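Subject: Structure handover

Hello,

Here is the structure I promised to pass on. Please open it first, then read my notes below.

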Amino acid sequence: MKISYNWLKRYLETDISIEKIEEILTSIGLEVEASESAEQVPGGLAGVFTGEVVECAKHPGADKLSITKVNVGTGELLNIVCGAPNVAAGQKVLVATVGSVLTFSNGEVLKIKRSKIRGEESMGMICAEDELGIGTSHEGIMVLPSDTPVGIDAKEYLKLESDTIFEIGLTPNRIDAASHIGVARDLNAYLKFNGIACKFEIPEIDQFDALPKSDRLKAAELDVVAKDGAPKYFGLTLDNVKVAPSPEWLQNSLRAIGLRPINNVVDVTNFVLHETGHPLHAFDYEKIDGGKVVVRRAVEGEVFVTLDEVERKMSSDDLMICDNSKPMCIAGVFGGNNSGVTESTTSVFLESAYFNPVSIRKSSKRHNLKTDASFRFERGADADNVEYALKRAAIMLNLLCGAKVCGQIVEFNGDIPPKAQIELEYPRMEKLMGKEIGFDKIESLLKLLEFDILSSDGKGATVSVPRYRVDVTRECDVVEDILRIYGYNNIELPQRMSASLAPGSKPDMERVRSVAANLLTDNGFYETMNNSLTKSDYYSKLESFPKEKLVMLLNPLSSDLDAMRQTLLLNGLEVIAYNINRQHTDLKLYEFGNVYSFEQSAPSSNTTDAGNGDSGKLKAYKESSRLSLFVTGQGSQYWRGKRPAGNYFALKGYVEALLKRFGLDLNEYDYEPAPSDLFSEGISILTKNSNPSAAKGKEIGVMGTVRKDLAKQFDVKQPVFAAELNWDIIFKQLRKQKVLYSEMPKFPSVTRDLALLLDEGVSYAEIRKSAFATEKKLLKNVVLFDVYRGDKIPEGKKQYAVSFTLQDLNKTLTDKAVEDFMKRLLDTFAQRFGASLR
């Protein structure tokens with residue numbers, strides 16, 4: 001938010017420096033993120049001085065040029081070639097010297113250089129109004145009064161203002177400081193508490209009652225139908241309005257904070273907004289059908305064209321300002337295209353209201369309209385400021401537009417939230433502050449912050465909070481407010497601090513996560529971070545993550561961010577597509593993140609319906625942690641050779657390495673085929689059940705080759721290999737894991753390979769599971785090291801090359817024992833899967 005120093009001085013008189021004000025603002029919670037100097041004319045006309053034309057003669061080589069000698073008070077006459085028809089000796093003028101930079105009224109920028117014009121040297125320029133940026137006239141040079149002193153800076157002579165603009169990082173709770181008066185009020189409290197001379201004063205509105213009246217028009221009537229949406233609504237009809245450009249001081253004030261002046265009526269409403277923090281809206285009275293203003297909810301699907309000429313469909317929850325026949329404005333958010341003030345306007349209806357913050361926030365988000373008005377209304381405007389802002393604007397419109405008041409202010413006063421009342425206990429407050437500052441200082445600060453002390457017994461008080469402080473509702477909020485002004489830096493650090501340390505559970509989840517991240521990073525992976533919000537359409541064709549289980553947002557920012565993600569895989573494909581489009585094709589990525597879903601279930605006899613969907617069903621919302629890994633790319637050439645291409649086995653190796661880092665072994669888990677809607681090939685990793693007849697174990701992860709059609713949805717054409725691990729289950733497994741050690745085996749292991757001809761429907765997971773079921777004691781590992789389809793392989797068949805590792809910890813295996821095992825294994829494969837040797 002921009003705050004003008006010159007504007008601030010209208011309400012707060014003080015002699016402290018700009019630098020000190022910056023320091024104070026930051027210390028009281030209004031952090032100055034940046035400050036910049038602003039000039040009424042760009043550059044402040046540096047290098048431009050008053051001067052006198054001492055000599056003037058016609059240029060020998062050009063009829064329309066003159067050669068002048070000009071005194072600018074330096075002791076030397078400047079030779080300047082001038083093309084103005086009105087230049088003459090004896091004139092007092094404004095002269096831009098060599099090196100000065102001029103910004104013309106049309107925006108053109110010119111740096112004055114020493115030059116030759118038709119053979120004659122020119123050491124500057126005698127300026128016209130538009131060349132100085134202070135007017136539009138270009139009929140000739142600007143001639144000053146004859147008694148003008150020579151050598152005065154143009155900025156000083158023209159009384160051009162300079163300003164300092166503070167960029168304040170306003171926190172969401174401090175909407176009371178979203179105005180110049182609000183900032184001045186906080187500064188006043190600080191300065192007075194610290195004994196620094198200052199005077200805080202806001203403009204009086206007593207002269208409102210003396211404003212001229214008009215009986216030409218009947219004052220607009222008011223009908224507030226949606227009383228919950230507009231608990232307080234004031235309106236005033238003004239006649240004899242003369243729309244014109246605003247005076248220079250008003251235009252300069254608005255430009256200083258980045259606003260474009262429009263006309264005197266609109267500029268007054270903007271000025272009062274940034275002065276008081278209270279939004280106003282001006283309607284063209286002649287466009288109000290029936291002379292009646294109606295505040296109501298929109299009709300569902302009602303079409304309304306806003307000021308930006310966009311046609312919008314309204315919701316029945318939107319609060320509208322209407323007349324007898326049509327809507328005129330989205331209340332507190334944005335005006336309509338056909339009700340605003342134009343050059344032909346002669347009468348206006350001026351609105352000042354307090355709107356329901358929730359209603360305004362929802363409408364603003366629903367229509368993606370962020371305005372100065374909605375910014376303030378949705379955070380909680382000051383209901384006590386409604387009348388003041390209206391009268392202040394009416395007085396200004398009378399001064400600047402000649403406006404006259406028609407009738408009386410029409411008003412509606414409904415149920416305004418009451419002022420918060422808080423019980424304070426001073427000893428407890430001091431304990432929370434960390435310092436005994438004294439009860440008298442506490443009460444002094446409360447008064448400076450405009451808290452009303454309703455009762456006090458010396459050790460505590462009951463206070464009424466100013467209505468504009470919507471964020472102060474508890475004693476601790478009051479403590480924070482007092483410390484802002486007292487100064488956090490004035491709370492000394494104690495020599496000794498006491499703290500209770502609660503031992504954390506082991507293993508530490510964050511530490512384990514950090515170890516995993518470091519391992520992956522050391523192996524060339526890059527961490528990604530994605531939004532938990534995603535596009536619901538991604539899940540429309542997925543069986544593994546059905547759209548019905550999505551946690552949908554009630555009020556999404558857009559259709560691309562309307563649901564909470566169920567998996568990290570789709571986010572990863574978005575990242576891969578983004579990088580490929582920027583010519584980064586060899587990628588190894590990982591992400592830690594949460595996923596979300598819900599399931600409907602029938603309630604038990606002693607539960608009640610949650611009322612959030614189908615009758616008689618409860619919605620159980622779930623959130624869990626996941627880790628995703630992605631490997632893709634063809635491998636790139638570099639000076640030592642070629643980096644390996646991404647493939648499934650590389651991905652599997654990274655997953656194995658990660659689990660082994662925490663003492664988990666893939667051989668100790670069950671497997672089944674990965675979901676076919678996500679992966680063309682792959683496995684799901686499951687925990688083992690001690691009871692073989694029981695249901696399958698929990699899925700700790702899935703990995704495989706992402707389906708080509710799924711990758712193509714994200715415009716990814718190269719193969720992608722992905723894994724998603726359930727980090728919550730892995731962490732539970734890790735907590736059960738005990739660090740054990742054993743001696744190195746004394747007896748050697750034996751490896752045998754089989755080339756099995758199998759049906760396409762048989763998976764490696766089934767082969768592996770069947771092998772361990774056949775031999776539990778001697779079989780240590782099973783590895784699939786090749787898959788072949790093609791020449792000499794019948795249709796509907798495939799070849800698996802599988803390696804089996806056997807070892808007896810107590811003796812050396814004999815050839816007969818190994819051959820017996822391999823025979824039993826082949827018999828099992830033949831019976832269960834119809835397998836044969838190649």
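What share of the 838 residues in the chain is buried? The figure is 48%. Bear in mind that this is a predicted model.

The overall picture comes first. The chain has 20 helices and 45 strands. Its C-alpha atoms fill a box of roughly 125 × 85 × 70 Å along the principal axes. The radius of gyration is 39 Å, whereas a compact globule of 838 residues would have one near 28 Å. Among contacts with a separation of 6 or more, 70% join residues 24 or more positions apart.

Is D239 buried or exposed? D239 has a relative accessible area of 4%. The cut-off for buried is under 20%, so D239 counts as buried.

What does the side chain of D239 touch? Two polar contacts are worth a look. One goes to the side chain of R216, at 2.8 Å. Another goes to the side chain of S214, at 3.0 Å. Leaving aside neighbours within four places in sequence, D239 is also in contact with other residues, including L217, T346, S347, G402 and C406.

Best wishes

Key
Residues numbered from 1 in each chain as written. Predicted model: local features only at pLDDT ≥ 70, side-chain atom pairs only at ≥ 80, totals over all residues. Heavy atoms only, no water. Helix = DSSP H or I, 4+ residues; strand = E, 2+ residues; numbered from the N terminus. Rg over C-alpha atoms; globule rule 2.2 N^0.38 Å. Buried < 20%, exposed > 50% of the residue type's maximum accessible area, 1.4 Å probe, protein only. Contact = heavy atoms within 4.5 Å. Polar contact = N/O pair within 3.5 Å; in protein donor to acceptor, adjacent residues only side chain to side chain.
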